[in-house]
Amino acid sequence: MKKRGRVVILAVICVAVIVGIFWGVNKSREASVEDTVELTEVQNVITKDLDKNYPETPREVIKTYNRIISCFYGEKYTDEELYELGNQARKLFDQELLDNNPEDEYFDALKADIEDYKEHSRTIVSASVCDSNDVKFQKVDGDECAYVDASYFINENKKYSRTYQTYVLRKDADGKWKILVFYQTEGESSEDE
């Protein structure tokens with residue numbers, strides 16, 4: 001009887017070890033699969049915590065904004081992700097710009113603009129921001145402002161063009177550079193590029 005009891009105990013221990021090994025191997029596979037899941041550009045932009053990691057320079061603010069608008073006009077996303085992208089963009093806006101573009105109106109205009117891009121088969125192929133040395137700083141009505149130039153290489157029905165914009169940023173009370181206004185500017189011709 002003692003021999004039979006030892007065999008049963010040994011069998012239970014063996015089963016427990018095998019189950020433990022099997023469970024450990026499966027758990028490590030699950031972890032490695034989770035580690036290799038890559039986020040889309042939209043998900044990368046949405047998950048960036050701008051409250052904790054706000055861009056430090058005017059140029060970095062516009063580079064972040066360009067990532068967002070490149071998603072608007074060139075990536076696939078859900079309606080929920082569109083709103084999350086838009087809210088990320090609004091975090092970069094100066095309070096005066098936010099006041100002049102209430103959330104509902106902003107999203108209505110954004111959706112209309114995105115739809116116009118789609119109707120004209122227009123996409124942003126690339127976006128670039130001027131060098132740090134080319135950012136102009138100036139005091140305007142006592143506020144610190146920065147002027148940042150950006151260019152956008154656009155594909156519209158396999159015809160390419162370049163659009164130029166100047167962004168005016170103002171430093172807020174927390175020392176963060178926020179987009180106050182932006183406007184299209186004339187740039188070098190891209191016909192020969």
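Colleague: Which elements each supply at least two residues of the largest pocket's lining?
Modeller: H3, H6, S3, S4 and S5. Helices (H or I, at least four residues) and strands (E, at least two) are DSSP runs, numbered from the N terminus. A pocket is an open set of points on a 1 Å grid over the protein atoms alone, with protein on both sides within 12 Å along at least five of seven lines; lining residues have an atom within 4 Å of a point.

Colleague: What sort of model is this?
Modeller: It is a predicted model: local features need pLDDT of at least 70, side-chain atom pairs count only at pLDDT 80 or more, and totals for chains, interfaces and linings use all residues. Residues are numbered from 1 along each chain as its sequence is written, and side-chain values use heavy atoms, with hydrogens and water left out.

Colleague: Back to that pocket. How much space lies in it?
Modeller: About 500 Å³. A volume is the space filled by probe spheres set on the grid points, which are joined across faces, edges and corners.

Colleague: Which residues are closest to the centre of the largest pocket?
Modeller: Tyr-65, Ile-69, Tyr-73, Asp-113 and Phe-182, out of 21 lining residues. H6 gives the largest share of the lining, 6 residues.

Colleague: And the lining by class?
Modeller: 15 nonpolar, 4 polar and 2 charged. Ala, Val, Leu, Ile, Met, Phe, Trp, Tyr, Cys and Pro count as nonpolar; Asp, Glu, Lys and Arg as charged; the others, Gly among them, as polar.

Colleague: What about the second largest pocket?
Modeller: The second largest pocket holds about 270 Å³. Of its 17 lining residues, Phe-72, Glu-75, Tyr-77, Ile-114 and Lys-118 are closest to the centre. By class, its lining has 6 nonpolar, 4 polar and 7 charged residues. H6 again heads the list, with 5 residues.

Colleague: How many cavities?
Modeller: There is 1 of 30 Å³ or more. A cavity is a set of points where a 1.4 Å probe fits but cannot get out.

Colleague: What lines the largest cavity?
Modeller: Val-45, Lys-48, Leu-50, Thr-64, Arg-67, Ile-68 and Gln-88. Helix H3 (residues 58-74) supplies the largest share, 3 residues.

Colleague: Why does the length of H4 agree with its residue count?
Modeller: Helix H4 (residues 79-91) has 13 residues, so at 1.5 Å a residue it should span 18 Å, and its end C-alpha atoms are 19 Å apart. The expected span is 1.5 Å times one less than the number of residues.

Colleague: Switching to the strands. How do S3 and S4 pair?
Modeller: Strand S3 (residues 143-156) and strand S4 (residues 159-171) are antiparallel, over 12 bridges. Two strands pair if DSSP finds at least two bridges between them. Tyr-152 has Thr-163 in S4 as its bridge partner. The two strands form a hairpin with 2 residues between them, and Asn-157 in the turn has a positive phi of about 50°.

Colleague: What joins S4 to S5?
Modeller: 8 bridges join S4 to strand S5 (residues 177-185), also antiparallel. Tyr-167 stands opposite Phe-182 in S5.
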